[in-house]
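I opened my notebook to record what I looked up about strands and pockets. Here is the structure I worked from.

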Amino acid sequence: MAIAITLKEYLQNSGVNFEIIDHRRTDSTLHTAEAAHIPGDRMAKSVLLGDDESYLLAVIPATHRLQLDQLKQLTGRKLSLISEDELQQAFADCETGAVPPTGLPYGIETLVDASLLKQPDLYFESGDHGKLIHISVDKFRELESSAIVAEFSRHL
């Protein structure tokens with residue numbers, strides 16, 4: 001598989017310069033950062049949540065743990081992790097678990113943890129477990145200009 005077509009078109013249509021980084025397949029975002037020899041704080045991890053209303057994509061550094069109670073309080077919603085089946089439906093052109101941190105092209109509201117935006121550049125899943133996208137944090141901010149930025153994770 002290659003970069004998810006939805007993500008690729010979104011990046012190209014946004015005029016964002018990006019680099020593709022190949023890496024060996026791994027079983028977690030933090031292991032992907034290790035395999036690609038990049039700092040875990042610069043690796044964006046996507047967590048798909050949902051409630052009766054809709055999905056919500058929470059984006060945090062790979063070195064952090066999502067604070068679900070804090071996120072529930074922030075949004076006023078009764079959010080929970082969604083099943084792998086729902087994840088696959090929401091990101092149909094991505095391998096399971098290789099979810100990019102860009103909800104907009106998939107019609108999903110996105111929240112970005114503020115700590116991620118303190119980095120000079122970011123790496124994230126491309127929809128394929130063997131490839132990462134590398135972009136500047138400024139370009140990521142442009143892509144995610146409609147995302148809510150808040151603090152809802154803590155360092156491991």
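In which sense, parallel or antiparallel, do strand 7 and strand 8 pair, and over how many bridges? I found that strand 7 and strand 8 (residues 131-136) pair in the antiparallel sense over five bridges, where strands are DSSP runs of E with at least two residues, numbered from the N terminus, and two strands pair if DSSP finds at least two bridges between them.

I noted that this is a predicted model, in which local features need pLDDT of at least 70, side-chain atom pairs count only at pLDDT 80 or more, and totals for chains, interfaces and linings use all residues. Residues are numbered from 1 along each chain as its sequence is written, and side-chain values use heavy atoms, with hydrogens and water left out.

I then followed Phe124 in strand 7, which stands opposite Ile133 in strand 8, while Ala44 also stands opposite Phe124. Strand 2 (residues 43-50) pairs with strand 7 in the parallel sense over two bridges. I looked up the cover of strand 7 (residues 121-125) too, and five of its five residues are buried, that is, under 20% relative accessible area with a 1.4 Å probe, protein chains only. In the hairpin of strand 7 and strand 8, with five residues between the strands, I saw that Gly127 takes a positive phi near 95 degrees.

Last, I turned to the lining of the largest pocket, to which strand 2 gives the most, with five residues. A pocket is an open set of points on a 1 Å grid over the protein atoms alone, where a 1.4 Å probe fits, with protein on both sides within 12 Å along at least five of seven lines, and lining residues have an atom within 4 Å of a point.

Key: Buried means under 20% relative accessible area, exposed over 50%, partly exposed in between (1.4 Å probe, protein chains only). Helices (H or I, at least four residues) and strands (E, at least two) are DSSP runs, numbered from the N terminus.
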